[in-house]
Amino acid sequence: MRRFFYVLFAVVEKDLRLEWRTKESLLVMVVFALLVLTLFSFAFGPGGGSGENARAVQAGILWISFLFACVIGLSRTMSVERESAGFSAMYLSPSDPSALYLGKVVSVAVLMGIMEVVGFAVLAVLYQANVWKSAGALAIVAISATVGIAAAGTLFSAMSARTRTREVLLPVLMFPVLVPVLIAAVKASEAHLGGGGWADSRDWIRLMLVYDVVFLVAASLVFEYILEE
Amino acid sequence: MLEALGVSRRYGWRWALKDLNLSVSPGETLALLGKNGSGKTTLLKTFAGLLMPTEGTVRVGGEPISREAKGGIGLLTHEPMLYAGLTIRENLGYFAKLFGMESGDISGRVELLAETLGITDRLAEPVRVLSQGLRQRASLARALLHDPEVVLLDEPFSGLDPEAAGRLESVVRALCEHHARIVVFTTHDLSKAFDMAGRIAVLGGGRLAYEGNADNSKEEELLAAFDEASEGPA
């Protein structure tokens, strides 16, 4: 088990160090998310529209912007692995492929987490959303959704990384699989942005947690075959 | 012992290797010759466990190749397998961890290899600023980092200046003569093959066209096999 985490942290350290040097993925992700949130704020007005749907619109825009930004970030992250033949190098090692996969998931999740903090702050300012009062609950929703998106995103981006049509293939593979987690994230965020309690979001968060566990376990098991040339 | 037993490998409809039987003993250096597309790189990658044979088996130490066995194999390919944004030291540190080396041992091993390969003063430089020859040396350091029993080198001398080639040559000789490692390298340079290898194998169209000791008296026989092997389609 010690060796498992040793390898996992080695992958995380390498990915974050590379990102710190180049800032290629994070910068693009944050800028893209900001652009989408800003553009929609002009379309729907300062509150994200009026009436009962305002919170639903805010939550929807927020998670759509995160999802698209994540696709861009994942493509960039995996292109680094492709250019360096990093997956082949991983496959040549005796390391547990699950540790390699989970290391990549953690790296992607950390980048998404930073982007999401900025995204929520922008939502609070541009949409006058109720972010600060529900910060704790929204953090739990965001973490649950981020793990699911990172888990699926890492798997599918690794699968598509060696194909010629990877830019097109990644969203085509990833989006349908992420429908449950995206709906749950939007619904749970909507509940907390509207001042609702745990009763309104509990089931959605459970759904995300189950999704996270199932996807992490299943993807860990198949990642070895994806690393093979 | 490194063995390929009836190994075939197919890419789509094309057979890159066909029913290949080859074995290399500890302390032995095997040079793989063959024209482009003859299957040399595919065979090395199959030996390394990077490619699974479509048919047949690769054995290391009498056992089919497994994840654990990969810990005893070092592979140098055309792709340096180094991250351009990281320094040589950071790259080597990362790969050492993937091979399970303890943090305390990594620094010493990196310094030793860097000194042997003449890249000590470049360890702190990002790979992206290195010349092709230096990348090749850094990549070789990556392949030898975990002190593998089996060393597989795909055209290791390409891009190296004479000094670096000389260093590499002495590293390979030391691996075989003093450490009884198995070394397999591919080359297009016949004189290098005769000079460095104990045995030579020629591949043509994915098949073994010639195999024998690296004896200069057999050069004509070998050249004839080389030409014959490269005539037919794969």
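I began with strand E4 (residues 55-60) of chain B, which pairs with E5(B) in the antiparallel sense over two bridges. Helices (H or I, at least four residues) and strands (E, at least two) are DSSP runs, numbered from the N terminus. I call two strands paired if DSSP finds at least two bridges between them. Glu63(B) in E5(B) is the bridge partner of Val60(B).

The model is predicted: local features need pLDDT of at least 70, side-chain atom pairs count only at pLDDT 80 or more, and totals for chains, interfaces and linings use all residues. Residues are numbered from 1 along each chain as its sequence is written, and chains are lettered from A and ligands numbered from 1 in the order in which they are written.

**Sheet in chain B**

I traced four strands in an open sheet, ordered E2-E1-E4-E5 (chain B), with antiparallel pairing. Strand E2 (14-24) and strand E5 (63-64) of chain B stand at the edges. Each has a single partner strand, so one side of each is left without a neighbour in the sheet.

I counted residues in contact (C-beta atoms, placed from the backbone, within 7 Å). Chain A gives 23 residues and chain B gives 24 residues. On the side of chain A that touches chain B, helix H1 (2-22) and helix H4 (86-92) of chain A are the elements that give two or more residues. H1(A) gives the most, with nine residues.

**Helix H1 of chain A**

I checked its length next. H1(A) has 21 residues and reaches 30 Å from its first C-alpha to its last, close to the 30 Å expected at 1.5 Å a residue. The expected span is 1.5 Å times one less than the number of residues.

Which residues of H1(A) are buried? Val7(A), Leu8(A), Ala10(A), Val11(A), Lys14(A), Asp15(A), Leu18(A) and Glu19(A) are. They cover an arc of only 155° around the axis, which puts them on the same side of H1(A). The arc is that of the directions from the helix axis to the C-beta atoms. Arg2(A), Phe5(A) and Trp20(A) are exposed on the other side of H1(A). My cut-offs count other C-beta atoms, placed from the backbone, within 10 Å of a residue's own: buried at 20 or more, exposed at 12 or fewer, partly exposed in between.

The buried residues of H1(A) pack against helix H2 (24-44), helix H3 (54-83) and helix H5 (97-126) of chain A, together with helix H2 (88-98) of chain B. Just after H1(A), Lys23(A) takes a positive phi of about 55°.

How values were computed. Contact = placed C-beta atoms within 7 Å.
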